[in-house]
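Please consult the sequence and the structure as you read.

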Amino acid sequence: MTNKFMRMKKFISPILVYALLLVACGNDGTSTDQAQLENELENIKELEPNLSDDKITSILSSIPSPLELSVQIQEMGIEYNRDMLNNADNINKYNSRYRKALNLGIYGTDLGYTNIYQHTQDGLNYLNAIRQLASDLNISQFLNFESIKELTSAKSNLDSLLMITNQNFDQINSHFRETNQSSLSTLLLTGGWLEALYITTQVALKHPDSKELMERIGEQKIVLGNIMVLLDSYSRNDAEIKELMLEMQDLEELFKKIEITYTYGEATSKIVDGVIEIQNTSTSNVVITKEDIENITKTTEIIRNSIIG
Amino acid sequence: MTEINMKNIIYVYILLIGASAYSYGQCDSKKQTLECAPRLAEGYTFIKGFELDRKRGINGVVEYSYVFTKGAKYMINICGDQGIEGLVFTIYDNARNKVASNELNGKSVRGIAYPCTSTGLYYIIYSFEKSASTCGGSAIGFKLRSS
């Protein structure tokens with residue numbers, strides 16, 4: 001849905017409601033008119049997402065960076081694997097705003113992954129693909145390509161590179177929210193999260209005894225729950241998002257089997273080097289089987305491949 | 001002709017004064033957030049920025065949430081247009097139990113290092129109530145606890 005249309009819709013909806021009320025007041029108020037009015041009002045309601053802007057912003061901002069999973073994989077000593085990623089040449093397949101936004105999220109995660117492993121040429125390929133998609137979505141002003149390209153090529157300052165790319169993606173999300181294009185922001189984050197889950201599950205296939213990976217995958221139940229709330233909200237007036245939500249529901253069903261328990265413990269704190277250091281005593285436990293992992297891996301692959309294909 | 005020019009100058013002057021007064025009152029929380037990110041301690045990777053504008057909150061309180069992951073250590077810092085004195089943020093778990101705050105012995109500290117021991121949705125509540133700042137930003141960085 002375009003930005004212009006979103007703004008028009010916000011403006012038109014109250015006018016339509018007011019006009020309908022005027023028409024209703026001017027008539028005899030028969031039950032047929034009343035039913036018609038209620039029907040029209042219901043239709044208008046369905047045009048808007050069923051969540052408030054604040055709620056949408058809150059959920060969007062809560063979704064963790066896909067980079068966290070990639071860093072964990074790298075720090076576990078697992079080798080770089082280019083074959084898992086979405087080929088940057090696939091960009092020509094993405095010809096709608098829906099597909100561009102989803103795959104921008106996917107390429108964003110892939111760029112983060114290549115950056116963490118410092119695979120410069122792959123990183124530059126993803127950067128070019130991102131540049132093209134960002135331009136098509138009119139958000140290229142938020143991506144500092146020259147600085148990112150320079151830092152990627154130099155391989156010298158990984159911290160600065162990650163900071164600048166994360167800041168740029170953060171700004172894109174803010175821009176989508178501020179310009180009433182939160183559905184694109186939702187797609188961007190969904191694509192990014194799904195790619196991170198795909199990479200993690202593919203790695204888990206090769207390391208089936210890694211309890212750490214199993215736990216990380218199981219914990220994604222929490223993030224998926226939030227993503228589903230957003231997709232459900234937009235699926236009311238967007239057929240493509242509705243289709244995506246139906247596919248994601250298969251994944252949601254599998255995650256329902258996973259149990260996460262939490263025990264609260266009081267934390268203590270002290271100042272170290274001008275910062276408060278927290279000593280945390282809360283704990284959590286994830287109950288997940290190898291069969292759960294296999295099923296989640298298969299379903300994630302199906303959904304992800306349908307998006308990039 | 002001179003009179004028209006004079007009128008124009010006065011008109012432009014009034015516009016400029018008005019514009020500067022307007023911009024003076026504006027909160028550039030985006031800028032504050034961008035400035036806050038590099039102030040994370042060494043070793044932390046920036047992952048998220050939160051813009052803070054007192055006017056957009058309720059009773060001087062702005063709320064955000066984030067999913068923290070077990071095994072990672074997070075640094076959450078804060079910046080304010082008039083400094084961080086009195087600018088307080090508190091982290092609560094999903095059941096709204098308090099797990100951390102940047103206020104210690106009545107003083108605000110610029111950041112919290114939070115080792116996450118259980119993955120879940122956490123709420124970060126920023127309060128301007130005791131602060132001269134009305135505008136600010138907050139950055140979240142992370143690193144693995146083993147690193």
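## Terms and basis of the model

Helices (H or I, at least four residues) and strands (E, at least two) are runs assigned by DSSP and numbered from the N terminus. Two strands are said to pair if DSSP finds at least two bridges between them.

The model is a predicted one, in which local features need pLDDT of at least 70 and side-chain atom pairs count only at pLDDT 80 or more, while totals for chains, interfaces and linings use all residues. Residues are numbered from 1 along each chain as its sequence is written, chains are lettered from A and ligands numbered from 1 in the order in which they are written, and side-chain values use heavy atoms, with hydrogens and water left out.

## A hairpin and a sheet in chain B

Strands β4 (residues 88–92) and β5 (residues 98–101) of chain B run antiparallel and are joined by three bridges. Within this pairing, B:Tyr92 stands opposite B:Lys98 of β5(B). Five residues lie between the strands of the hairpin, where B:Arg96 takes a positive phi near 65 degrees.

Contact means heavy atoms within 4.5 Å.

## A sheet built from both chains

Strands of a sheet pair through backbone hydrogen bonds, either parallel or antiparallel. An open sheet of six strands has the order β2(A)-β3(A)-β8(B)-β3(B)-β10(B)-β1(B), and its pairing is mixed. Because β2 (268–272) of chain A and β1 (45–53) of chain B stand at the edges with a single partner strand each, one side of each is left without a neighbour in the sheet. Direction ignored, neighbouring strands are turned by 20 degrees against each other on average.

Where do the chains join within this sheet? Strand β3 (residues 275–279) of chain A runs parallel to strand β8 (residues 111–115) of chain B, and two bridges join them. Here A:Ile276 stands opposite B:Ile112, and A:Glu277 stands opposite B:Ala113. Helix α4 (residues 67–75) of chain A lies across β1, β3 (72–80) and β10 (135–144) of chain B, running at about 25 degrees to β10(B). Helix α2 (residues 29–36) of chain B packs on the sheet as well, touching β1, β3 and β10 of chain B, and its direction makes about 35 degrees with that of β10(B).

## The interface between the chains

In total, 47 residues of chain B are in contact with 42 residues of chain A. The area buried between the chains (the accessible area, with a 1.4 Å probe, that two parts lose on being put together, summed over both) is about 3800 Å², of which carbon and sulfur atoms give 54%.

Three salt bridges are found across this interface, a salt bridge being a side-chain nitrogen of Lys or Arg within 4 Å of a carboxyl oxygen of Asp or Glu. The side chains of B:Lys30 and A:Glu178 meet in a salt bridge, at 3.4 Å from N to O. On the side of chain B that touches chain A, the largest share, seven residues, comes from β1(B).

## Salt bridges in the whole structure

Over all chains, a search finds 14 salt bridges. In one within chain A, the side chains of A:Arg82 and A:Asp122 meet at 2.8 Å, N to O. A:Arg82 lies in the loop between α4 and α5 (97–116) of chain A and A:Asp122 in helix α6 (residues 120–136) of chain A, so the pair ties together parts that are 40 residues apart in sequence.

Technical notes
Axes fitted to C-alpha atoms, helices over the stretch in contact; angles between N-to-C directions.
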